[in-house]
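Good morning, and thank you for joining.

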Amino acid sequence: MLISDIMFTQRRRGTDGGGADLQLLVRKVPRDLHRWLRAKCKTGRTQNEVLLELLHGAMDREFGGALFGAVPIQSPPRTPPSGLFTFIDLFAGIGGFRIGMTMNGGRCVFTSERDRFCQRTYRAWFGEESIQGDINDPAIDLGRDIPDHDVLCAGFPCQPFSIAGVSKKRSLGMADGFADEKQGNLFFRICDIVDAKRPPVLFIENVKNLRSHDRGNTWRVIRSELEVRGYLLHAEVIDARAWVPQHRERIFIVGFDRGVFGDSPRFEFPDPPIAAAPILGEVLDPDPPAQYTLTDHLWGYLQAYARKHAAKGNGFGFGLVTPKDVTRTLSARYHKDGSEILIAQPPWNPRRLTPTEAGRLMGYGRRYAGAFGHGADFPIVVSDTQAYRQFGNSVVPGVVEAIGQRIADAIVARATGRSGSLLRRSRHSRTASVLT
Ligand SMILES: C[S@@+](CC[C@H](N)C(=O)[O-])C[C@H]1O[C@@H](n2cnc3c(N)ncnc32)[C@H](O)[C@@H]1O
């Protein structure tokens, strides 16, 4: 047994009343983990006891079954901090990418998020102290301040690229017209980072209508800017409905650097999980606080508003759902009146989701909360208004995890295919990088 291995045992009762020792060997335990474990043992407990206690805690959160005999209902989370590959989390929000990529063995080496309330949540959830604010800050030296990384993740706010405006400026002889356009647009900041760092993989998320946005212009610019930089793009609209009880269609774009992966990276978007798709009841609290029930005034207003628009033949109105249903898309404006997702609770007025329920509806549930050390739910560390906003703006981590797994597979296939070894150190920095 190597020094980095840990062996521990569990006494298991047989059907005949006798017992047997089950042994588990954990190989290649990193040094910092070893040190931490030794410190824990100084409290008088054995290594075995400490590990079992940890596993019991994890098991209680995940499966509620027996330690070795239990068949998990879902596959257990892969231990987050493995460092199989590195990634950066741009426009990080509350970390949907961070969760999905970490679950696949990724290690986040840089985070940027401008909003201070999102930063607060991100810090509380991931213990991340170093968050870059505005990514447009001219003081950032992209080459120096952003570490080398394998995957660039970005769910960037979509702004139109006004070709009309640009050509008008050009026709007026304003040579810097396109530069003006570039300055304000966050997508071009991503391009600058791509130029400075050449990440082997790009993983971008955006609203479903990105392709039709600005009459197709936005998509044309995005595609050509990335292709001209040598990336092979895969894009797909995916409804998160298979992962969460919510319809939420988003476009996901995965780009592979042809210089690293060639013209046929081993990548396909994942199929939805085979397990039965969840329903709303699975994320609801049995006894939510009364404050989330609509007042007579607001409920009366929403009904009158819906009637008015129905009479005009419009579909606007509230979305009333029961625990058996799947909801509409949670929006960042949910905090205003909650009208897109109201939960029926006859004979009382309907109620809104609580912030914790809104988080679970986005997939920020027990499985991930447990994996990041938060028990059953991620803590809400901001006001209700900010929390609804954050969840409504976010990406469903389960979808990121599923796509991220395919990306990780492509990285592993590429890395092992070329050199036979997985982790190699980047030439440019101290950051470990799979693909150099
Ligand atoms: C669509 S949200 C992305 C949410 C994220 N994917 C998540 O899982 O929560 C876009 C985020 O970009 C942030 N943002 C906008 N402009 C920014 C900038 N210049 N620098 C850094 N972050 C910015 C916003 O505050 C917002 O949280």
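Around the ligand there are 21 residues, and F91, G93, G96, G155 and S394 come nearest; a residue counts as near if its C-beta atom, placed from the backbone, lies within 6 Å. Please note that this is a predicted model, in which local features need pLDDT of at least 70 and side-chain atom pairs count only at pLDDT 80 or more, while totals for chains, interfaces and linings use all residues. Residues are numbered from 1 along each chain as its sequence is written.

Next, the core. The largest nonpolar core holds 76 residues: buried Ala, Val, Leu, Ile, Met, Phe, Trp, Tyr and Cys joined through C-beta atoms within 7 Å, where buried requires 20 or more other C-beta atoms within 10 Å of a residue's own. L90, V151, L152, C153, F203, A358 and V399 touch the most other members. Helix α16, residues 397-419, contributes the most, with 8 residues. Domain 2 (85-276 + 396-433) and domain 3 (280-383) each supply at least three residues to this core; the bounds come from an automatic or database domain assignment. Leaving aside residues up to four places away in sequence, A358 touches L330, Y334, L353, A387, Y388 and F391, with contact taken as C-beta atoms within 7 Å.

Finally, the sheet. Three strands (DSSP E runs of at least two residues) form an open, mixed sheet in the order β9-β10-β11. β9 (320-321) and β11 (348-351) stand at the edges with a single partner strand each, so one side of each lacks a neighbour in the sheet. Strand β10 (residues 342-345) runs antiparallel to β11, joined by 2 bridges, and pairing requires at least two.

Note on methods
Buried ≥ 20, exposed ≤ 12 C-beta atoms within 10 Å, placed from the backbone. Helix = DSSP H or I, 4+ residues; strand = E, 2+ residues; numbered from the N terminus. Contact = placed C-beta atoms within 7 Å.
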